[in-house]
Amino acid sequence: MAEKRGKRRWKYIIGLIGILLIGFVLYFNLVTRIQPPTELDPHQMGYERTQSGQGFFIDGENWFKQNEFGLWELYITGSPLDLGVKNGLLTSELVRAQEDAFVNQIRSMIPSQSYLRFLKYFLAWFNKDLDNHIKQEYLLEIYGVSAFASEDYGFIGPRYDRILNYHAAHDIGHALQNLNLVECTAFGIWDERTADSSLLIGRNFDFYVGDEFAVNKIVSFVRPESGYKFASIGWAGMIGVVSGMNEKGLSITLNSAKSDIPFGARTPVSIIAREILQYASTIDEAMEIASARESFVSESFLIGSAIDHKTVVIEKSTEQTVLFDPDTNFIVLANHFQSDALVNIPLNRENMNNLTSVYRHERVKELLQAEPVIDHFDAADILRNRKGKAGKDIGNGNELAINQLIAHHAIIFEPEKLRFWVSTAPWQLGPFLCYDLNEVFAYIEMETETYNKALEIPADPFLNEQEYGNFLEFRLLAQQIGESTKTATPLPEAGEIFRDLIKFNPEYYHTYALIGRYYQEMEDHEAAMKYFNLALSKEISSNTEKDNIRQWLEECRNP
């Protein structure tokens, strides 16, 4: 009898646990479900896409085409929902391809399926109120785009939920792990520093989520129903802004800063930048918008203003929004705060002490001071510069360089002339194409070239040099060594591979750190120590990286 009662008791306990689990799942799904902003079906709004040629799609006066350099160009008009639907309809193949690239990169970074599942549920809970922090017009636009997203990722979430959450992906990844996915460099100059005293702004968007993610870049020209017409460069499925300029000559770019971990949803920084670009014509108006929004992460917004004839930085921590105006004729921005109010907060000071951001900041100042007057050709040269301070060879791909050979794009603005140049692949090495907002928004003919060919900045000569080919070979070998180290699989002909790796990038510390890590994994500690010491003799990108190499060296000394 006692045994039967014991069995019944366990049945009751198991049943109760089951009921609680079912209840939790139902509750979780209820509170994390994000309701679409409208009941309208984007597929029934009457828009139709026609193809006018290879890589050329049209919907009424809206169009999407790929130019001869591989850049995609998008022109859309209308209400928020119209903008989203037209965007998604015209770029539908790229919206799907971009999600494929993003998910593939996440899987390569986080190969554990159990951790990916945990991350999915964590983000669903973390972002359950995300839509409460984004204006209705942008929710409608995101909803319109999401109707054309892939159906292959239902296991992650509904299409609208996914596209909405992707707008916060950079913020969350940056905040949770302070991932070095974004290490941007920017500058602005004006008055006697430029040939005609007008504003000139340059920036590298060093955002790396794998090579596949950066293949299809889109230059978007947007005529919204309200606010100012604007242009931005990004990728399919993204309505936020990372680099852009509006018809009033107000430009904006984003540079990340070290952040506290947020404890709930806030406004993604790319959406804050979009609102500024669409509704601000002056620095004061940009500051008012930035101050009214709470952000996920710390961020610097480089604002160029034709009306104000200067460039400033809006520094935004998770608690404060501060205007940094150096009151000079130039400004430099990397990934740390510079204002009196934020420069000495612990996280910022920690970031500055870690070397990378301050080093790039000082290198830009060095290059700006080397030329008394700078034009857009000089700006491109600065953005393409691969050397360390004083022109030192620090190896190709070093994070201390202005050009780290990972850029999603580089851009140069002349706000007072309403024109800008966008780099073409690879990275910022291909020709920079010039777009004139006056010409584009005067409604340029679909079949004609959107960019001004006469103002093109030629490709970097580096592309035709042996050193460039060596760097491409270096990347392939580095990937091969990294995978071998990760799986503890010995490399056939390892010695020959390592000789080639060193030959292709001899001044890069990471060359030797890679070989050292391989030997450490293979338990050849003497060889590992040799290469770790060689790595430490080079210009290392950060104190964190230097500490890692020293730790590995110590582990080899005391295995």
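1. Basis. In this predicted model, local features need pLDDT of at least 70 and side-chain atom pairs count only at pLDDT 80 or more, while totals for chains, interfaces and linings use all residues. Residues are numbered from 1 along each chain as its sequence is written, and side-chain values use heavy atoms, with hydrogens and water left out.

2. Sheet. Seven strands form an open sheet in the order β14-β5-β6-β15-β16-β17-β18, and the pairing is antiparallel. Helices (H or I, at least four residues) and strands (E, at least two) are DSSP runs numbered from the N terminus; two strands pair if DSSP finds at least two bridges between them. At the edges are β14 (330-333) and β18 (452-457), each of which pairs on one side only. On average, neighbouring strands of this sheet are turned by 20° against each other, direction ignored.

3. Strand β5 (residues 185-189) pairs with β14 in the antiparallel sense over four bridges. Ala 186 has Leu 333 of β14 as its bridge partner. Helix α11 (residues 356-370) packs on the sheet and touches β5 and β14, with its direction at about 150° to that of β14. Contact here means heavy atoms within 4.5 Å; axes are lines fitted to C-alpha atoms, for helices over the stretch in contact, and angles run from 0 to 180 degrees between N-to-C directions.

4. Helix α12. Residues 376-383 form α12, which lies across β5, β6 (200-205), β15 (409-414), β16 (419-423), β17 (432-436) and β18. Its direction is at about 155° to β15.

5. Helices α5 and α6. The axes of α5 (residues 136-146) and α6 (residues 159-166) come within 9 Å and cross at roughly 120°. The two are therefore oblique to each other (angles under 35 degrees count as roughly parallel, over 145 as roughly antiparallel, 65 to 115 as roughly perpendicular and the rest as oblique). Leu 139, Ile 142, Tyr 143 and Ser 146 of α5 make the contact with Arg 159, Tyr 160, Ile 163 and Leu 164 of α6.

6. Burial of α5. Of the 11 residues in α5, 10 are buried (under 20% relative accessible area, with exposed over 50% and partly exposed in between, for a 1.4 Å probe and protein chains only). Among them are Glu 137 and Glu 141.

7. Helices α8 and α9. The axes of α8 (residues 269-279) and α9 (residues 283-292) come within 9 Å and cross at roughly 145°. Ile 272, Glu 275, Ile 276 and Tyr 279 in α8 meet Glu 285, Ala 286, Ile 289 and Ala 290 in α9.
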